[in-house]
Amino acid sequence: MFICYTIFALVLLQVEGRLNYEGKTFTVAFFPNYVSMYGRSVTGHLYFRSQSGGSCSVTDDDGKVHQVTLNHTKDAFTQFDLPGGKFYSLGMYVQKRAIFVQCTEVVQLYGLSSRDSDVGAASAFNILPTTSLDMLSEYIIPSVPNNAMLGVVAIENNTSVTVDIKSNCPSFGNGETKVLNARDVYQVASLESGRGVYCTLGGTRIKSSKPVALYTGGVILLYPGVHGDHVLNQVRPLSQWGREYIVPQVINMDKYNIRIVAAHNDTNVAIFGKTTTSFVLNEKQVHQEDHATDDNVFISATKSILVSQIAGNDQGYDVFGSLVPPITEYASEYVIPDIQAAGRHFNLNATIITESKCVPDIGVKATWTSFQAGSREFSVTTIPVNNTLTEIKSSSPTCTFGVQMTGFATYEAYAYFVTPFGPNF
């Protein structure tokens, strides 16, 4: 039985849509980055990439508008630091505080959340253009194992949003329906966040009558022990989930955790790593498991799933979390962002994932680790990134690959997958 399923899963064709990461309008929100006994303020940072210059207007969470002139130099990013010192309360409430971005040219956008006056809580993430959000949005989240939070961001007035909460903590309730207006943020973050408060929101479903952006993570995610870091990601709509994923090795961490959530009942899932396992998930059901830092894992499913990766170094207070893209979204060329912030310096590394036969086509001199997934073989490498490495490119357009960026600073870390840009995607 298991052998038959393995072969079937590995030859499945993807039928889901392909997410577009570039556009002219975006909406983003930032969230509390502390546990209940220690209030902290937040500074948000935006990183624009444009191939043709132009400018963007950024409406801040307080309604003030800032103008940003974009650098059109090849492979260059424009960094804009939002005015800092913003304090966001824990709890469940609606507040008009979303940040709206309108650009004259097509851009790619990343965000970084950091503390305003000290270190210890940073998270970098992709920001999706509003054109990539479904007209009738539907999301299910894998969430995190503790101190979980989510935020629904409205783009238009009179947007009906229903949050069907699934949690191990009764304080979250069962969810409710709210009508949001443009730039409203519906936040769900427990007032009880802290050590020993292991509240998750895994399997929570969000539906809306108009497009919304969804952000999720942990105010301070504790993993694998009692020390933690802020984790924030924008979630892709359910229509853009995939069936095949690779979760790569990590460096500087104790171990990592995979979380998988299913969109439909009777979803058969196979995991190929140092060991091979298979199981069945039903709709909104979350599976999680820990892995050694050198384990590279291929995940295949018969129906749509969403996959996240969490990694932590308890003594270093370093935790990061990133949503993993399906391998159908791998591209043949990436420009590498240098996401930094005042008062801290992140040492950057890039983890590259591809099929083993494509290693010669990727212009990177490195030691690769190969692993089998049924009849297929993949290779992964992690390299340090300095100012001279601004792009990674395959010499063959059919040899695609994924890139996960990690950044490590004092008592904080981040991870995200670099997004493709332009005609090579």
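Visitor: How much space lies in the largest pocket?
Guide: The model in view is a predicted one. In this model, the space in the largest pocket comes to about 380 Å³.

Visitor: Which class is given by ten residues of the lining of the largest pocket?
Guide: The lining has 16 residues, and those nearest the centre of the pocket are Y38, R115, R195, I220 and Y317. Three residues of the lining are polar and three are charged. The class with ten residues is nonpolar.

Visitor: Which element gives the largest share of the lining of the second largest pocket?
Guide: About 270 Å³ of space belongs to the second largest pocket. Its lining has 20 residues, with P337, D338, L348, N386 and N387 closest to the centre. Strand 5 (78-81), strand 25 (347-355) and strand 27 (376-385) each give two or more residues. The largest share, three residues, is that of strand 25.

Visitor: Which strands are the edge strands of the open sheet?
Guide: The sheet has five strands in the order 6-13-10-15-16, with antiparallel pairing. An edge strand here pairs on one side only, and this holds for strand 6 (91-96) and strand 16 (228-234).

Definitions and conventions:
Residues numbered from 1 in each chain as written. Predicted model: local features only at pLDDT ≥ 70, side-chain atom pairs only at ≥ 80, totals over all residues. Heavy atoms only, no water. Pairing = 2+ DSSP bridges. Helix = DSSP H or I, 4+ residues; strand = E, 2+ residues; numbered from the N terminus. 1 Å grid on protein atoms, 1.4 Å probe; cavity = no way out; pocket = protein on both sides within 12 Å on 5 of 7 lines; lining within 4 Å. Points joined across faces, edges and corners; volume = space filled by probe spheres on them. Nonpolar A, V, L, I, M, F, W, Y, C, P; charged D, E, K, R; others polar.
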